[in-house]
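Welcome! Let's take a friendly look at how charged side chains pair up here.

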Amino acid sequence: MESNNIDRREATMQVSVSARHGSLQPGDQELIEEKATKLRRLNDRINAIEVTVDLEHTEKPVVEIQVSIEHAGECVSHADASTVIAALDMAIPKVEQQLRRVKEKMTGHRATGHKHIEAPTPDEAES
């Protein structure tokens, strides 16, 4: 039953790829979607991933990745390179780092609870 829940979440996660000032090369959109979908392994609360490729400067395309996370806002990264795929490969590690930080913040605050607070020793209580 648990795997069914995970499948449903993955089906609801949207990956959208768009291009400004031009169009992508054949096959680039599928490759971008495939690489962007792999970001899901870092945080299972990802709602949507938007990849925008700006082709205004054809010699240096710019890739922007926006990841929307449930209860945590958005992670955004930009990169430019000589090709679209090279720019994507530079932007993905940046957003991966942000996703790791967000997950650490979300899970790290629960680590210390009341049960971890040390009770004062009898000597300290009497002073």
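## K35 and D89

In this predicted model, K35 and D89 form a salt bridge, and their closest N and O atoms are 2.6 Å apart. The pair links distant parts of the chain: K35 sits in helix 2 (residues 28–37), while D89 belongs to helix 3 (residues 84–108), 54 residues apart.

How accessible are the two partners? K35 is partly exposed, with a relative accessibility of 23%. D89 is partly exposed too, at 37%.

## R41 and E96

Helix 3 comes up again with the next pair. R41 makes a salt bridge with E96, with 3.4 Å between the closest N and O atoms. Because R41 lies in the loop between helix 2 and strand 2 (46–54) and E96 lies in helix 3, this pair ties together parts that are 55 residues apart in sequence.

Is E96 buried or exposed? E96 has a relative accessibility of 13%, so it counts as buried. R41, on the other hand, counts as exposed at 56%.

## E70 and R45

Next, look at the loops. The side chains of E70 and R45 meet in a salt bridge, at 3.6 Å from N to O. E70 is found in the loop between strand 3 (62–69) and strand 4 (73–80), and R45 in the loop between helix 2 and strand 2, so the pair connects parts 25 residues apart in sequence.

E70 is partly exposed at 31% relative accessibility, and R45 is partly exposed at 32%.

## The whole structure

How many salt bridges does a search of the whole structure find? The search finds four, among them the K35 and D89 pair.

Key
Residues are numbered from 1 along each chain as its sequence is written. This is a predicted model: local features need pLDDT of at least 70, side-chain atom pairs count only at pLDDT 80 or more; totals for chains, interfaces and linings use all residues. Side-chain values use heavy atoms; hydrogens and water are left out. Helices (H or I, at least four residues) and strands (E, at least two) are DSSP runs, numbered from the N terminus. Buried means under 20% relative accessible area, exposed over 50%, partly exposed in between (1.4 Å probe, protein chains only).
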